[in-house]
Amino acid sequence: MSTDENRHEKDESHVYDGIVEHDNELPLWWQLTLYGAVAFAFFYWFGHRLGAIATPGQVYAVEVSAQRAADAERARARGAVDDATLATLGRDPATLAQGKQVFTTTCAPCHRADGGGVIGPNLTDAYWLHGSKPTDIFANVRDGVPAKGMPTWGPQLGVERVEDVVAYVLSIRNTNVPGGKPPQGELE
Amino acid sequence: MTASAEGIAPEAGRRVDGETRRIVYNDSITRWFVGASVIWGIVGMLVGVLAALQLAFWQANLPPYLTYGRIRPLHTNAVIFAFVGNMVFAGIYYSTQRLVKARLPSDLLARIHFWGWQLIIVAAAVTLPLGFTQGKEYAELEWPIDIAIAVVWVVFAIQFFWTLARRAEKHLYVAIWFYIATIVTVAVLHIVNSLSIPVFGLKSYSIYGGAKDALVQWWYGHNAVAFFLTTPVLGIMYYFLPKAADRPVYSYRLSVIHFWSLIFVYIWAGPHHLLNTALPDWAQTLGMVFSVMLWAPSWGGMLNGLLTLKGAWGKVRTDPVLKFFAAGVTFYGMATFEGPLLSIKSVNGLAHYTDWIIGHVHSGTLGWNGFMAAGMFYWLVPRLFGREQLWSKKLADAHFWIGTFGILLYVVSMWVSGITQGLMWRATDAQGALEYPNFVETLNAIRPMYWMRLIGGSMYLVGMLMMAFNLARTALAGKAVDGETTVVVERVEATEPPWAEILFGTPVILVTVVAVLAATMAVVNNEASLFLATIVVVAAILGTIAVHLAYDRTRPKWHRMLEGRALFFTAFTVIAVLAGGVAELVPSLLVTPTDAMSAEAKPYRALELEGRDLYVREGCYLCHSQMIRPFTFETKRYGDPSTLAESVYDHPFQWGSKRTGPDLAREGGKYPNIWHYRHMVDPRSVSPGSNMPPFPYLLTDKVDLGRTQDKMRAMRSVGVPYEARDIEAGRHDAEVQGAEIAKNLRDDGAGQVDPQSEIVALVAYLQRLGKHPEPENPAAHVASLAK
């Protein structure tokens, strides 16, 4: 810090209502933060305008294509989802436990905690609105039925959780919980 | 207290035997404003504590008038405009009279200012809980109150500049510079941002829509922080801190540089509230780089405050006034370091929409504004009431410690909460899926922090009550006393520097050259502007060196001459402040980017427009954004990034700034109508663990469709392309859409639903979000339905 040199010592006019104003030098580190920030602004602005620094939209586009490639790779690795696999998962206790957890937080508000249906249809009867095959249910959860208010859960939950929850749904069908919503759709 | 005449020392060689004049200051106006500030401060913070409680414990919402969405604007308006506003007026009136050695010229204007401002506050306290709002943060008050604010502000300006005109002190002290900047800038900000078309008594639509409204709003919002909460309080610091410390101000040249750089740079920084949104990229980048450049100018003020305490630190330990000032200035430094940090796009990507921002503003408001206010009051009140000292120094010390711990508890809990939730939103598992797909999970993770914040805020409020008691006892023990002084009024003998010397001074020429070059950059292409920018930098550096070399010690410095001419000073301040606003706002307001004019953009149907008004009335935007940023973790949760076209007809825009609940930009069609119906009646029935207030009265209150067409006409006058036949069919269309939704709700088990109830209109709006309207042409659709 610079010494307290008072350049106004002789200048009586730098006194206001008894407040004396000294005139110390600007601290060097402070000046460096000022000039440094200005230099940063200069380089960032032109880096940005001339395309050397990516915009949030450009970064996003790269992320999305990387994501798509990774998703495709994972999909290839796990193979196609088929009825048999889903049916097998529907008997696997570990999957069911995870599926139940997803069901409780994500599905229960509309399909009731026990699957009996409130806003959405009863999942414990034998009637289905949009197909009863395991792959139909999988598609309905992943892609939703927007016209009927069933949200598209695929992007938010990810394929694995969708599988888990479909497995759980398969495990509760035809259990006909008491007090469920009346049947809707076609008999399976 | 009697101010001495020692301070008056006209410039050497100029003094001519002058007349001696006795001045009695108008200190009663200061007493009134101090009292009002303390009372409103307690009220505003009490409302803040209620809002904090509501976030932690939803049962504290008392619909319809005391729900979080109506309480939060009441809290922000009360603490900004009532608590800090009154404190600033008190400080400005007290210090200005003494710094320029002139009494306020008009006691009548002072009374109009005081009572006008209190009436505005009362009007705000009544209208905001009733749901009258323009839906723009910190500018919620409806148009008649906006006009009243403008009028009272002009009264204040007249009083202030009239005082300067009658001054007996030639040069303006740095505190006065900050007051000038405050008065002119707040007027410009308030008027430009509040421009709206009234529909009826207490309802209006912003003349700006979508991204334009967003840009104007945050130009205003950010600079309300700058010019209402910062510059006047810096001026107050420059008067009261050296007074209380009895120490000289550290550096005059630092105050010159940090004043001009602060007011010039601040105004550009608004778009940092809109980083990573659909706002055009050049504006975001400007907002970011100017925010980074704001760091040093802000710290200039902190340095001048803290270094003025050099040699008085022993006193800081014992004097509560100095304790508050030292801590207040330190919190200012902390908040103004955090601000530039949060303005970096990547940091903002984590922090935006979270509690980190809430913590940031509260370190500024509680730490800087609240503590500077406390220090000033503790110093002022004994002097205003002819007392040697405070009623209790111990109580003031206790206030300091409980306030400090309250702030720390508040700020730390918000840091933890904001960063935790921000990280949870973006967490993805090995499969690339969201770790926490359910938004409520991320809310419940930070619930304990909401309780911590409530405790911190309550401690601060207890401190305020201790201060009110202490000040009241001090005042009651004394008797109102007005300050007096004797001044020698100089007879002016050609002491005015010629105006040409100021106008054509080298700093002005240099700034003009650089500004013209920089402005040219805006209209040429990127490569050429890099070349121009290089010339700007070279010209600025060489010019600064030339100014230094040409500096003639025998002549008064240019800035010193400027300080002697209040009118020129004000004019230059206006130019410095307007530069950034014009450069950022004018291109955006004149040119609508082509991607905002997509053919997909269609105005809302009549009932959707009514629903939107309800959304604004309930303050939904305070917890729900409508702006999906281009991050994969965000698009997985909410859908594709928002575009400019989607909000182009939104007057006001509803992008929001905080996500206590999820983003709603693409809510339309996500859930069935009945989901929304149940969600409004009892949010926890469909979203367990939510902290949203219930809105049961929406089922019984009716929308007044008699006003719908007026609203559509008002919308058309601000540029929404409703055709005459759309407006004519407006009411009928609203009834048809209402009947459809009501029927659907009945079919899905909602029981009897009135097609004109507010819930139906709100559902119509929510289902429209992110959706293109079903009928291409509402009028034709209505006609086909009517067949």
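Strand β1 of chain B, residues 19–24, has zero buried residues out of six, so β1(B) lies largely in the open. Buried here means 20 or more other C-beta atoms within 10 Å of a residue's own, exposed means 12 or fewer, and partly exposed is in between, with C-beta atoms placed from the backbone. Strands are DSSP runs of E of at least two residues, helices are runs of H or I of at least four, and both are numbered from the N terminus. The partner of β1(B) is strand β4 of chain B, residues 484–489, joined to β1(B) by six bridges in antiparallel fashion. Two strands count as paired if DSSP finds at least two bridges between them. Within this pair, Ile23(B) is bridged to Thr485(B).

A word on the source. This is a predicted model, in which local features need pLDDT of at least 70 and side-chain atom pairs count only at pLDDT 80 or more, while totals for chains, interfaces and linings use all residues. Residues are numbered from 1 along each chain as its sequence is written, and chains are lettered from A and ligands numbered from 1 in the order in which they are written.

Next, the core. The largest nonpolar core holds 251 residues, and Val166(A), Phe377(B) and Leu762(B) have the most contacts inside it. Such a core is a set of buried Ala, Val, Leu, Ile, Met, Phe, Trp, Tyr and Cys residues joined through C-beta atoms within 7 Å. Helix α6 of chain B, residues 210–245, gives the largest share of this core, 23 residues. Leaving out residues up to four places away in sequence, Phe377(B) touches Val34(B), Val38(B), Met467(B) and Leu471(B); contact means C-beta atoms, placed from the backbone, within 7 Å.

Trp379(B) sits in helix α13 of chain B, residues 355–384. Trp379(B) counts as buried because it has 21 C-beta neighbours inside 10 Å. With the same exclusion of residues up to four places away, Trp379(B) touches Phe240(B), Ala244(B) and Val321(B). Ala244(B) is 135 residues from Trp379(B) along the chain, yet their C-alpha atoms are 7.2 Å apart.

Now the interface. In it, 56 residues of chain A are in contact with 58 residues of chain B. On the chain A side, α1(A) gives the most, with 13 residues. By class, that side has 29 nonpolar, 16 polar and 11 charged residues. Here Ala, Val, Leu, Ile, Met, Phe, Trp, Tyr, Cys and Pro count as nonpolar, Asp, Glu, Lys and Arg as charged, and the others, Gly among them, as polar.

Last, some backbone details. The peptide bond from Pro63(B) to Pro64(B) is cis, with omega near 0 degrees. His651(B) and Pro652(B) are also joined by a cis bond, with omega about -5 degrees. Asn276(B), not a glycine, has a positive phi of about 65 degrees, and is buried, with 24 other C-beta atoms within 10 Å.

Conventions: Two residues are in contact if their C-beta atoms, placed from the backbone, lie within 7 Å.
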